[in-house]
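Hi,

Here is the structure I said I would pass on.

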Amino acid sequence: MNIALLGFGVVGRGVYDILANMDHIQVKKVICLEDIALPDAQVCHDIRDILDDPAIDTVVEAMGGLHPAYEFVRACMEAGKNVVTSNKALVCTFYDQLIPLASEKGILFRCTAAVGGGIGWLSELERSRRGQRLTQVGGIMNGTCNYILYAMTQLGLGYEEALKQAQSLGYAEAKPATDVEGIDTWHKVILSSNIAFGVSMDPASVPVAGISRICAGDVAAFTARGYTCKLISTAACRDGAYTAYVQPTLVPAGQPEAAVPSNYNLVSFQGEYSGRMSFFGQGAGRYPTAYNVVQDLLDLTAGKGFYSPYGPKVEAVNQNKMRYYVRGARDGWLQSHAAENWGDAVVTEPVAVDEMHRWLKDQDGAFIAAIAEDLL
Ligand code: HSE
């Protein structure tokens, strides 16, 4: 297998290092912005150098972002090259374009590192869905947010200091707002749902709230009541109806999610025969992520392409009700749903998830966290 690497940042460099020890997968060319010297690969700056090279059969996209990643990946597929990517924003946003195109062109496309970093999550969804119906997926899918929440709760760090550490450790996206506003998790749960349920979920129907407004006082209130705050994704398919959302969630001590440290992820599915299956590992960082890119390359050599057939468009409708912790807002709607006070924050009666997220859109500065009665 002769590959071209698009991008030579945290992940691209990691893939290059791991492949240096594998004789049967050669990195022939690397596209990157800088003029670097690599002993065994040609560094180039123009995608046409890859497209016009018939010796390159497979492309690894590790640039991140949507553009020009989408145009480059699409052109490589059109040119008949297999693609492996770790870019969840790309695959989630252009799912309806890329997955049908892979079938049409007869090329192999995989993206296991896009969800869960080094965890074999999408590859296990692929295996699991062959023998049973999957009814729920979700969990902790962002290493940066978990690192921040863990550092605030267990180490007493402030929000900004914890974010800076996550950035310097290579966990955060180029724009960390993508992590802390929950967008990265949103991409990941939509992609997981598409594969688990065999659908193409409308991203606009999946509400998301992040952790950027959490403060030390919130964390102290949660700890005093036996809860740990985690950014949790949930998606379910029951009787042909779909739910999906991402939100800070108060997890009771004793639940496995409450104990997840540092940059680790804990993702789970619920299957009709298997019951709950959970997967724990480093969800971000150079070598865990690069490891899963290399796993995909090895799967390609065995002829394995995408994880599930491309499915119909569906929308999530989240009428299920949860109690919410809300700080930083007071209005008539909130007062009419208030059940108790935790300091200067309100805890609501059970409210439909979609209704809470619609209300939150108009609230500058409010922080919400759902109170989990049970996860998966
Ligand atoms: N920024 C992502 C995270 C990287 O923190 O989880 C891995 O997808």
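A definition before anything else: the angles below run from 0 to 180 degrees between N-to-C directions, with axes taken as lines fitted to C-alpha atoms. With that in hand, look at helix 1 (residues 10-19), which lies across strand 1 and strand 2 (26-31) and runs at about 155° to strand 1. Angles over 145 degrees count as roughly antiparallel. Bear in mind throughout that this is a predicted model.

What is the strand order? The sheet is open, has six strands and reads 3-2-1-4-5-6, with parallel pairing. Strand 3 (42-44) and strand 6 (109-110) sit at the edges with a single partner strand each, so one side of each has no neighbour in the sheet.

Are its faces buried or exposed? Both are covered: T58 and V60 on one side are buried, and so are V59 and E61 on the other. Strand 1 (residues 2-6) runs parallel to strand 4 and is joined to it by four bridges. Looking at individual pairs, A4 has V59 as its bridge partner in strand 4, while L5 has V60. Strand 4 also pairs with strand 5 (residues 82-85), again in the parallel sense and over four bridges. On that side, V60 stands opposite V84. To get from strand 4 to strand 5 the chain goes through helix 3 (residues 69-78), and this β-α-β crossover is right-handed.

Helix 3 leads on to the next item, its packing with helix 5 (residues 95-105). The two axes come within 10 Å and cross at roughly 15°. Angles under 35 degrees count as roughly parallel, and helix 3 and helix 5 are therefore roughly parallel to each other. The crossing is left-handed. Which residues meet there? From helix 3 they are Y70, V73, R74, M77 and E78, and from helix 5 they are Q97, L98, L101, A102 and K105.

What does N292 touch? Leaving aside residues up to four places away in sequence, N292 touches T112, A113, G117, G118, I119 and G120.

Cheers

Definitions and conventions
Residues numbered from 1 in each chain as written. Predicted model: local features only at pLDDT ≥ 70, side-chain atom pairs only at ≥ 80, totals over all residues. Heavy atoms only, no water. Buried < 20%, exposed > 50% of the residue type's maximum accessible area, 1.4 Å probe, protein only. Helix = DSSP H or I, 4+ residues; strand = E, 2+ residues; numbered from the N terminus. Pairing = 2+ DSSP bridges. Right-handed = clockwise from strand over helix to strand, strands pointing away. Contact = heavy atoms within 4.5 Å. Parallel < 35°, antiparallel > 145°, perpendicular 65-115°, else oblique. Left-handed = near helix turned anticlockwise from the far one by under 90°.
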